[in-house]
Amino acid sequence: MKIVDNPYKKEFVFDLYSRIYPDFKDYEKITKKKMIEKIIEFYSDYNNIIDICTYREIKFLKRIANGEKIAWDDDRFEFEKDILRKKMLISHNDSLEYDFYDELKDSILLALSRVKMSEVKKKTELNEFLVGFCKVMG
């Protein structure tokens, strides 16, 4: 499936686009197609995929890369599926199983082959600690 064929609403695409590009264009001054092109460009650097994903998300991406069939309505991995859809890294194919977008598949596979899971796990644990600390401190 191609990412441009997905029926994302412009608001949804803008939310991701504005989070990954600090110098993003105003909503009214950019088309959905151009934002998707910029998102694909961002993900073309496999390091960005590693940086934007948590340990659990990368483990889920590895499941898909290894050919595990995970149905759209499968209740397992709800957190990972939801977040990775919002990051536009996964979608479902015609069989309603999770898959990578054609434009991102090579970058995702490269990221998965080069990722150092121990580093991602440490980063994820630190982020979780900091979020928890901030909640406690108000």
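**Helix contacts and a pocket**

Biologist: Which residues of α4 meet Ile108, Leu109 and Leu112 in α6?

Modeller: On the α6 side, Ile108, Leu109 and Leu112 make the contact, meaning heavy atoms within 4.5 Å. Their partners in α4 are Ile58, Leu61, Lys62 and Ala65.

Biologist: What should I know about the model and its numbering?

Modeller: This is a predicted model, where local features need pLDDT of at least 70 and side-chain atom pairs count only at pLDDT 80 or more, while totals for chains, interfaces and linings use all residues. Residues are numbered from 1 along each chain as its sequence is written, and side-chain values use heavy atoms, leaving out hydrogens and water.

Biologist: How many charged residues does the contact of α4 with α6 have?

Modeller: Helix α4 covers residues 55-65 and helix α6 residues 102-114 (helices are DSSP runs of H or I with at least four residues, strands of E with at least two). Nonpolar residues number 6 in their contact, and there are no polar ones. For charged residues the count is 1.

Biologist: At what angle do α4 and α6 pack?

Modeller: The axes of α4 and α6 are 10 Å apart, and α4 passes α6 in a left-handed crossing (the near helix is turned anticlockwise from the far one by less than a right angle). Angles run from 0 to 180 degrees between N-to-C directions. For α4 and α6 the angle is about 115°.

Biologist: How is α4 oriented relative to α5?

Modeller: The axes of α4 and α5 come within 9 Å and cross at roughly 90°. Because 65 to 115 degrees is the range for this class, α4 and α5 are roughly perpendicular.

Biologist: Which α5 residues do Arg56, Glu57, Phe60 and Leu61 of α4 meet?

Modeller: By class, the contact of α4 with α5 has 5 nonpolar, no polar and 4 charged residues. From α4 come Arg56, Glu57, Phe60 and Leu61. Facing them in α5 are Phe79, Glu80, Lys81, Ile83 and Leu84.

Biologist: And how do α1 and α2 lie to each other, as seen from their angle?

Modeller: The axes of α1 and α2 (residues 32-43) come within 9 Å and cross at roughly 40°. The crossing is left-handed. At that angle α1 and α2 are therefore oblique.

Biologist: Which α2 residues meet α1?

Modeller: α1 brings Lys10, Val13, Phe14, Leu16, Tyr17 and Ile20 to the contact. The α2 residues are Lys32, Met35, Ile36, Lys38, Ile39, Phe42 and Tyr43.

Biologist: Which element gives the largest share of the lining of the second largest pocket?

Modeller: About 150 Å³ of space lies in this pocket, which is lined by Leu16, Arg19, Ile20, Ile52, Ile83, Lys86 and Lys87. The largest share, 3 residues, comes from α1.

Biologist: Where is methionine 88, with its positive phi?

Modeller: Methionine 88 is not a glycine, yet its phi is near 60°. Phenylalanine 77 also has a positive phi, of about 60°, and is found in the loop between α4 and α5. Methionine 88 sits in the loop between α5 and β1 (90-92).

Key. 1 Å grid on protein atoms, 1.4 Å probe; cavity = no way out; pocket = protein on both sides within 12 Å on 5 of 7 lines; lining within 4 Å. Points joined across faces, edges and corners; volume = space filled by probe spheres on them. Parallel < 35°, antiparallel > 145°, perpendicular 65-115°, else oblique. Nonpolar A, V, L, I, M, F, W, Y, C, P; charged D, E, K, R; others polar.
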